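This briefing covers annotated positions and a helix packing arrangement. Please consult the sequence and the structure shown here alongside the text.

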Amino acid sequence: MASMEKDSVSGQYTTGHEWDGIRELNTPLPKWWVYVFWATVIWSIAYWVAMPAWPTINDYSRGVLGYASRNELESDIKAQKQARSKFEAKIAAISVDDVVKDKDLRNFAMTGGKVLFNDNCAPCHGTGGVGAPGAYPNLADDEWIWGGELADLKQTISFGVRNTNENSRQSEMPKFGADGLLTAEQINQVADYVVALSSKGSTAGLPGEAIFAEQCVVCHQDGGVGSKDVGSPALNNNIWLFKGSKEQVKQVVINQVTNPQHGSMPAWSERLDETSIKMLTVYVHSLGGGK
Amino acid sequence: MSIFKHHAKLETNVFFLAVGILLSVIVGGLVEVVPLFTIESTIEKVDGVRPYSPLEQKGRDIYVREGCYLCHSQMVRPFKDEVERYGHYSLAAESKYDHPFQWGSKRTGPDLARVGGKYTNDWHVRHLINPRDVVPESVMPGYPHLKRELDYSTIDADMKALRVVGVPYTDEQIANAKKDLVEQATSDDASAAVAGRYPKARMGSADANPKVTELDAMVAYLQVLGTMVDFTTVKPEKIAR
């Protein structure tokens, strides 16, 4: 084993290794480095004591500070609720109609409702509630399938349409064509009548009128004004959910009478709290078409 | 200087050096291995988490095959803003039957841990075929090829393999795998046998095709994500970590 000895020039120890008379100095580490090293060792031991660190047989060491990220979240949420409670407590306590009447509460509900809408509703109904042609209703116009009053909107948002929630809005149009309730000829005639009705054209003498009166008015009402109670859309205007262009109207009516498509919407009370739904209601009502 | 002088003894003696190396490896190994033995206490004890139904499991396979995890995480972290946006933070228990888990590490798209029930089947189908049909600003690619028929010929073998790694599929579930898969994808009957074996399974065809398609499987999987645990019955102190 090579011997370690002091170098006479620098006064440092050598490693004892020698190559052709050249010896390697064993210069100690800088003092500051050594201090930082020992500081990190002490820090890590203190951290083990203070924070959750070691697994035990059935548990883990909790640390004297008792930190847990989920507990921290609880207190964060509590603080946030506290900060918002000035408005949210009031919104929770009163009806949506009264929220709209109070200027401050309405502003708060509009801002919160917009955020909620963009997170939850915009994927179907589009940013600003413009809807998706051929798929999801426009919420920024004056036409409502299930009603555009605040109470109607709140009901629809809370329980949705044609889903598994027991309070969901339910209705189904019969398959007049697929189930053989009407012949293809009759469907063609009734489609002509509906097209005339929707474009405010003359319906006099159309053979579809009698069929419409017999089969369709139960839900779509006299003159095709529709019914918000059963979610039957108005047919006396040019607003169509399942169509792309003007030329397609008759074909869409034929398809719908033959084998109807039905939209569906989730029940948001299963995901959002009552206050959030009230705020959403206020926002949707404001989009343009609220009654 | 003194302590480094002694250190030289350790480094220059092959026996002491070997003992020192062995000790270091033992400590390093224990730190990695011991937490795995405490996994029972790590997973929260909550009700409702069940293995995926055969159709959901096939949907999950497609999710992995298409690399959805590259842009979507499945992990709501315990932060205020995430909980506000997505819902309750994810529990370890909720991915205990995932092999491998799909927590992900990057969000180009939103987190999907609680996407179940958020949108309708119809929306998912439109969105998977061409995301821009429903979300104009989306950068997600379209997956129109999912309209093809689902190949589920190996589903019972898949479930057996999953059972080996710890998913508690029963013999009954494996024996009925193909029947359950077809039933879930075609029947709207909430009292069907498959709904009894897999509570909260989303019944019915997602697309207009009466055959079992990859879209049906994918949507069934997406619709069950994050819906198994009823958080109204979970006490916060039971899952505090």
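In this predicted model, UniProt (unreviewed entry) places a "binding site" at Met173(A), Cys216(A), Cys219(A) and His220(A). These positions span 48 residues in sequence, yet no two of their C-alpha atoms are more than 10.4 Å apart, so they gather at one spot. UniProt annotations may be inferred rather than shown by experiment.

**Binding-site residues**
- Cys216(A) lies in helix α7 of chain A and is buried at 14% relative accessibility (buried: under 20% relative accessible area, 1.4 Å probe, protein chains only).
- Beyond neighbours within four places in sequence, Cys216(A) contacts Val190(A), Ile211(A) and Gln221(A) (contact: heavy atoms within 4.5 Å).
- His220(A), also placed in helix α7 of chain A, is buried with a relative accessible area of 11%.
- Residues up to four places away aside, the contacts of His220(A) include Met173(A), Phe212(A) and Val225(A).

**Helix packing**
- Helices α6 (residues 184-198) and α7 (residues 208-220) of chain A pack at about 95 degrees, with axes 8 Å apart.
- The two helices α6(A) and α7(A) are therefore roughly perpendicular (65 to 115 degrees).
- Among the residues making this contact are Val190(A) of α6(A) and Cys216(A) of α7(A).

**Chain B**
- UniProt (unreviewed entry) places a "transmembrane region" at residues 12-31 of chain B, a span that is 95% helix and 0% strand, with its end C-alpha atoms 28 Å apart.

**Conventions**
- Residues are numbered from 1 along each chain as its sequence is written, and chains are lettered from A in the order in which they are written.
- Local features need pLDDT of at least 70, side-chain atom pairs count only at pLDDT 80 or more, and totals for chains, interfaces and linings use all residues, while side-chain values use heavy atoms, leaving out hydrogens and water.

Key: Axes fitted to C-alpha atoms, helices over the stretch in contact; angles between N-to-C directions. Helix = DSSP H or I, 4+ residues; strand = E, 2+ residues; numbered from the N terminus. Parallel < 35°, antiparallel > 145°, perpendicular 65-115°, else oblique. Buried < 20%, exposed > 50% of the residue type's maximum accessible area, 1.4 Å probe, protein only.
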